[in-house]
Amino acid sequence: MPIMTGRLHHMVAHRLASQIVSGALPIGHVFPAEVDHAETLGISRSVLREAFRILTAKGLVSSRPKAGTRVNERRQWSMLDPDVLAWQIQSEPSEQFLRDLFELRMMVEPQAAEMAASRRSEGQLIDMANALDAMERYTLATEKGRAADQRFHGLLMEAAQNELLFSLSSSIMSAIAWTTTTKQRVQEAPRDPMPEHRALYKEIAAQNPRQAQKAMRTLIELALADMHIALRR
């Protein structure tokens, strides 16, 4: 498949997904016949077909013979799929979605921190320290600073040494990236997040599982409070 064609079907999938998660294409919406729909979008039928394959794999749509392709109910969506999560985040998520997002973090990350405090390697600890240094140096107002924040949280999930837990990393990273970017964009002078990150690192370094869990809970609670302040502004 030519490179441009490969990119195009992903672009079409992204466009359609954004319309679905925003509600512009509501649950139960039936798409036009393939020929007509492709013509309306100005693309080939093969590109449209590939785009729908992506959306079908992620649970957003389903196709049946003679019934066409329609938008599925939200409970059928692969909510933790990084793309599905990102599409929802980019479409001005609701208060309920924001609540669900932070509840997910609160269920996963404190436990990961507790496990990381017991299982982290010295190499991972050094990498975490370097990530925090970069985060402080560049600040979350820059891409480098935000990338360092992502790196720190990713290393923590890795240090928990649980493959099933680590499989949630991409979803957690997407949530952190969106909330961080939103707070930086909306707030003129966001709160400095370094103290709670340093406190968390200190407990992981000292191999204090319970205290590490508590420190992560504090970090998430403050992040949620910041998010509410940012959205009100």
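**Entry 1: Glu114 and Arg210**

I looked up the pair Glu114 and Arg210 in this predicted model. Their side chains meet in a salt bridge, at 3.6 Å from N to O. I then checked where the two partners sit. Glu114 belongs to helix H5 (residues 95-119), and Arg210 belongs to helix H11 (residues 209-232). The pair links distant parts of the chain, 96 residues apart.

Arg210 is exposed, with a relative accessible area of 55%.

**Entry 2: Arg191 and its partners**

Which residues form salt bridges with Arg191? I found Glu196 and Asp226. For Glu196, the closest N and O atoms are 2.7 Å apart. For Asp226, the N to O distance is 2.5 Å.

What does the bridge from Asp226 to Arg191 tie together? Asp226 lies in helix H11, while Arg191 lies in the loop between helix H9 (169-186) and helix H10 (194-205). The pair therefore connects parts that are 35 residues apart in sequence.

I also went through the accessibilities here. Arg191 is partly exposed, at 29% relative accessible area. Glu196 is buried, at 8%. Asp226 counts as buried too, at 9% relative accessibility.

How many salt bridges does the structure hold? I noted 16. I also looked up a network of them: Glu34, Arg45 and Arg49 are linked by salt bridges.

**Entry 4**

I turned to the strands. S1 covers residues 61-64, and S2 covers residues 68-71. The two run antiparallel, and four bridges join them. I checked what stands opposite Thr69 of S2, and found Ser63.

Which side chains of S2 are buried? I followed the strand along its length. Thr69 and Val71 point to one face and are buried.

Note on methods. Residues are numbered from 1 along each chain as its sequence is written. This is a predicted model: local features need pLDDT of at least 70, side-chain atom pairs count only at pLDDT 80 or more; totals for chains, interfaces and linings use all residues. Side-chain values use heavy atoms; hydrogens and water are left out. Buried means under 20% relative accessible area, exposed over 50%, partly exposed in between (1.4 Å probe, protein chains only). Two strands pair if DSSP finds at least two bridges between them. A salt bridge is a side-chain nitrogen of Lys or Arg within 4 Å of a carboxyl oxygen of Asp or Glu.
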